[in-house]
Amino acid sequence: MRVLWEREIQAEKIAVSPRPVWKCRSCPMHGKRPSCPPYVPSWKEAREWVKSFKKAVLVKFSVDMENFEEEKRKVLLWLLKREAELFKEGKLYTMALFPGNCNLCDDCPFERGEPCRMPEKVRPSVDAVGIELSSLVDIDFSESVLYGMVMVE
């Protein structure tokens, strides 16, 4: 995993709609992880939440697709670390958003109906709350990348 870039964006430019949430329904992880619908705020609630921010940080990560789960876990941990750094700088409401479902645990107990081992670390997926990444970047599906976000202030 490697950070390709980190860009500050104005929160008002973030489009939130039901379209990404509907796309989530085609994912095999839909309804299985705490970062996915129906366990995250609705897109309507997220739209209001996004409006309460002035800026966010969008991050593009290069990942090795041969070790995807491990690489993605590194991305999630990087986003949580960045969130913690911003919090320490006084950004009290900063919050990371994951690229897709949570995979912090190798074996997710939540999928078996058991409590999440790390509820304090789980964050919603960017798509699960209705954020349209395509409104912020040109997505090239030939790239081996993930996009994460941290809502800042």
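**The largest cavity and its lining**

Guide: Sorted by class, 10 nonpolar, 1 polar and 1 charged residues line the largest cavity (nonpolar: Ala, Val, Leu, Ile, Met, Phe, Trp, Tyr, Cys and Pro; charged: Asp, Glu, Lys and Arg; polar: the others, Gly among them). The model is predicted, so local features need pLDDT of at least 70 and side-chain atom pairs pLDDT 80 or more, while totals for chains, interfaces and linings use all residues. Residues are numbered from 1 along each chain as its sequence is written, and side-chain values use heavy atoms, without hydrogens and water.

The lining consists of Arg33, Pro34, Cys102, Asn103, Leu104, Cys105, Cys108, Pro109, Phe110, Cys116, Met118 and Val122. A cavity is a set of points on a 1 Å grid over the protein atoms alone where a 1.4 Å probe fits but cannot get out, and its lining residues have an atom within 4 Å of a point. The count is 1 cavity of 30 Å³ or more, and the largest cavity has a volume of about 70 Å³, the space filled by probe spheres set on points joined across faces, edges and corners.

Now for the open space: the largest pocket (an open set with protein on both sides within 12 Å along at least five of seven lines) has a volume of about 980 Å³. Of its 35 lining residues, Lys23, Gly100, Asp127, Leu133 and Phe141 lie nearest the centre. By class, that lining has 20 nonpolar, 7 polar and 8 charged residues.
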